[in-house]
Amino acid sequence: MKKFFADFKAFVSKGNVIDMAVGVVIGAAFGKIVSSLVDNIIMPALSLLTGSINLSELAFTIPSATGDPISLQYGLFLQNIIDFFIIAFTIFLCIKLIGKFRRKKEEAPAAPPEPTKEELLLTEIRDLLKEQAQVAAKENEETQKDT
């Protein structure tokens with residue numbers, strides 16, 4: 001039994017499980033925000049356009065043999081479908097935005113690497129050879145002028 005709890009503790013303390021738990025909590029809060037958006041903003045605006053119809057109150061009543069009617073509340077179902085599409089669309093936009101930021105980060109040119117010691121030495125040698133060639137050319141011009 002101790003091994004079971006030790007394995008469970010190791011599983012729970014892994015980073016992925018903790019990240020997933022944070023994601024679930026944030027997802028639940030995000031779901032509440034979207035539900036509020038649908039219930040308090042979109043549905044009233046839709047009701048205004050459709051003539052004061054509240055989708056959550058739409059229902060189909062079926063009489064039953066026991067005397068209590070059965071109510072099929074398809075309005076709530078429609079509202080949940082709208083919630084789903086809004087959540088899916090919002091997640092799609094977030095993923096697109098993250099992808100855009102990643103592409104910009106990848107497109108940014110990398111800084112040129114620092115030259116190695118060998119490259120610095122070769123650069124110094126090249127510069128010294130240029131100087132020597134210039135000095136030799138000047139001396140050559142002066143000797144030609146003298147003659």
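Predicted model: local features only at pLDDT ≥ 70, side-chain atom pairs only at ≥ 80, totals over all residues.
Asp-127 has a charged partner. It forms a salt bridge with Arg-126. The closest N and O atoms of the two are 3.3 Å apart. Arg-126 counts as partly exposed too, at 45% relative accessibility.

How many salt bridges are there by this rule? The count comes to two. The other to look at joins Lys-3 and Asp-7. Here the closest N and O atoms are 3.6 Å apart. That value falls inside the cut-off, since a salt bridge needs the nitrogen within 4 Å of a carboxyl oxygen. Both residues belong to helix α1, which spans residues 2-12. Lys-3 and Asp-7 are separated by about one helical turn, because they are four residues apart in that helix. Lys-3 is exposed, with a relative accessible area of 60%. Asp-7 is partly exposed, at 42%.

Now the rings. The structure holds two aromatic pairs. Phe-4 and Phe-5 form an edge-to-face pair. Their centres are 5.6 Å apart, and 70 degrees separate the planes. Phe-4 counts as exposed, because its relative accessibility is 53% and the exposed class begins over 50%. Phe-5, at 48%, counts as partly exposed.

Phe-84 and Phe-85 also pair edge-to-face. Why does this pair get that label? The ring centres lie 5.4 Å apart and the planes stand at 65 degrees, so the pair is edge-to-face. The cut-off for that class is over 60 degrees. Both Phe-84 and Phe-85 are exposed.

Which residues make up the largest nonpolar core? It has five residues in all: Val-34, Val-38, Met-43, Leu-55 and Ile-86. Helix α2, residues 15-50, gives the most to this core, with three residues.

Leaving aside residues up to four places away in sequence, Val-38 touches Met-43, Pro-44, Gln-79, Ile-82, Asp-83 and Ile-86.

Technical notes
Residues numbered from 1 in each chain as written. Heavy atoms only, no water. Phe/Tyr/Trp six-rings, centres within 6.5 Å; stacked < 30°, edge-to-face > 60°. Buried < 20%, exposed > 50% of the residue type's maximum accessible area, 1.4 Å probe, protein only. Salt bridge = Lys/Arg side-chain N within 4 Å of Asp/Glu carboxyl O. Helix = DSSP H or I, 4+ residues; strand = E, 2+ residues; numbered from the N terminus. Core = buried A, V, L, I, M, F, W, Y, C linked by side-chain atoms within 4.5 Å. Contact = heavy atoms within 4.5 Å.
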